[in-house]
Every structure is written in structure tokens, then in C-alpha cells.
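Biologist: I have a structure open and would like to learn how to read its features. Could you take me through them one at a time?

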Amino acid sequence: MQTRIAKVLAGVVVSLPLLAAPVFSADSGGSSSGDEVKCNNGMVYNKKTKKCEPPKAGMIDDDSLYSAGRALAMDGKYDEAIKVLTLAADKADPRILNYLGYSHRKAGRVLVGLGYYQEALRNNPDYTLVREYMGEAHLMLGDVAAARVQLSEIGKRCGKGCREYGLLEQQIDAYLRG
């Protein structure tokens, strides 16, 4: 068990040096205050202690793991993001589940991604970013009707003018144009 944890932490330590600049998050589903600190040399910013620390299971808070995992996912480092996000203590956190779904989907495991999205929505049905990503996953599977269901749900929750609605609507239109 300790060797497995050591391997996961080694993967985190190897992937986290990429996080060396401030990030400005546009994610509407997070509890971000705006600026998020990234650390050098394989360290992770711990919001509780307000310091860069080596990643250790249970030592780094879930918000810090979410921020690091999200940044890796958005940078296209999907497997590394999955390693970081799975260290979270709260396995039901919709933000964590969303980016686990995103990372699996972008890595080609669309059905696995859908499972994470569904779990995130069970915990927060109003999380419109999950619904946008879920709609994109349905389009990857050729299911336009299911993507439109998610578009409708986003519209009910934040209107046709919200970012997630516009993005998914564009994806559906592009898919239909071929």
C-alpha cells in the first residue's frame, strides 16, 4: 500500500513543476477567489497554511488539489490531472468529479467521463459547467439529442446568455454542420 501511495505521489511531484505561474480561473463551478498560486519544484500551494508544500495524501487540502488538477487538465495533461484529483479526501466534491470526467473524456475514455459527470450532477444538479462538458461528451458519441437535453438544462439554470449555454450551443451547431 505504501509503495502505491509513493508511486502516486511521485507522479504528482513529477507533474506539478509545470505549475509555476499565477492562474486566473474562469471556472464558474469553483469556490475560487480569483487568483490562485502555483508553486515551483513539485510543490503544491496549501490554502490552509498559505505555503507551497510537498504533496502528501491528507496533508494538502482539497481546494489545492482541485486547483492543481484543474490546471493540469486544462494544460492537456489528463493522466497527471487524474492522479492529482484522486488524492482528494472528498470523493463527492462536484468540482473534483467534473475534472475527473473532463480528463477521462479528453483522454479518450468518454464513457468513464460521463460516469463522473453523472455523479457530479447527483451532488449538484445546478453545476452548469458539468452540463456543458457532458453535452460535449454526448456529441463525441454522436448523441445530439442528449447534448440538447443538457443545453436545455443549462438554459433553465442560468439562461441563454450564460457562458456554458453559449459554448455548448456552438459545439452542437458545429457538430451539425459537420
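Biologist: Which residues form a nonpolar patch on the surface?

Modeller: First, the general idea: patches are built from residues with over 30% relative accessible area and no salt bridge, like charges being joined within 9 Å and nonpolar side chains (Val, Leu, Ile, Met, Phe, Trp, Tyr) within 5 Å. Areas come from the Shrake-Rupley method with a 1.4 Å probe, and for residues only the protein chains shown count as cover. Here Leu111, Met140 and Leu141 make up the patch, with about 320 Å² of accessible area together. Leu111 sits in helix H5 (residues 110–123) and is exposed, at a relative accessible area of 63%.

Biologist: Before we go on, what kind of model is this?

Modeller: This is a predicted model, in which local features need pLDDT of at least 70 and side-chain atom pairs count only at pLDDT 80 or more, while totals for chains, interfaces and linings use all residues. Residues are numbered from 1 along each chain as its sequence is written, and side-chain values use heavy atoms, with hydrogens and water left out.

Biologist: What is the average pLDDT of the protein chain?

Modeller: pLDDT is the predictor's confidence in each residue, from 0 to 100. The protein chain averages 82, and 74% of the residues score at least 70. Over residues 1–34 pLDDT stays under 50, and for that stretch the model has 63 contacts beyond four places in sequence. Contact here means heavy atoms within 4.5 Å.

Biologist: How many helices and strands does the protein chain have?

Modeller: Helices (H or I, at least four residues) and strands (E, at least two) are DSSP runs, numbered from the N terminus. The protein chain has 8 helices and 4 strands, and along the sequence they follow the pattern α-β-β-β-β-α-α-α-α-α-α-α.

Biologist: What share of the residues counts as buried?

Modeller: Buried means under 20% relative accessible area, exposed over 50%, and partly exposed in between (1.4 Å probe, protein chains only). Of the 178 residues of the protein chain, 44% count as buried. The chain exposes about 9100 Å², with carbon and sulfur atoms supplying 53% of that area.

Biologist: Which residues of helix H3 are buried?

Modeller: In H3 (residues 78–85), the buried ones are Ala81, Ile82, Val84 and Leu85. Seen down the axis of H3, these buried residues fall within an arc of 165 degrees, so they line one face of the helix. That arc is taken from the directions from the helix axis to the C-beta atoms.

Biologist: And Ala120, is this residue buried or exposed?

Modeller: Ala120 has 0% relative accessibility and counts as buried. Its place is in helix H5. Apart from neighbours within four places in sequence, Ala120 is in contact with Pro94, Leu97, Asn98 and Val130. The C-alpha atoms of Ala120 and Asp93 are separated by 7.2 Å, although these residues are 27 apart along the chain.

Biologist: How many salt bridges does the structure hold?

Modeller: A salt bridge is a side-chain nitrogen of Lys or Arg within 4 Å of a carboxyl oxygen of Asp or Glu. The structure holds 9 of them. In one of these, the side chains of Arg95 and Asp63 meet at 2.7 Å, N to O. Arg95 lies in helix H4 (residues 94–106) and Asp63 in helix H2 (residues 62–74), so the pair ties together parts that are 32 residues apart in sequence. Arg95 is buried at 9% relative accessibility, whereas Asp63 is partly exposed at 26%.

Biologist: Which residue forms a salt bridge with Arg105?

Modeller: Glu136 does, with the closest N and O atoms 3.2 Å apart. Arg105 and Glu136 are both buried.
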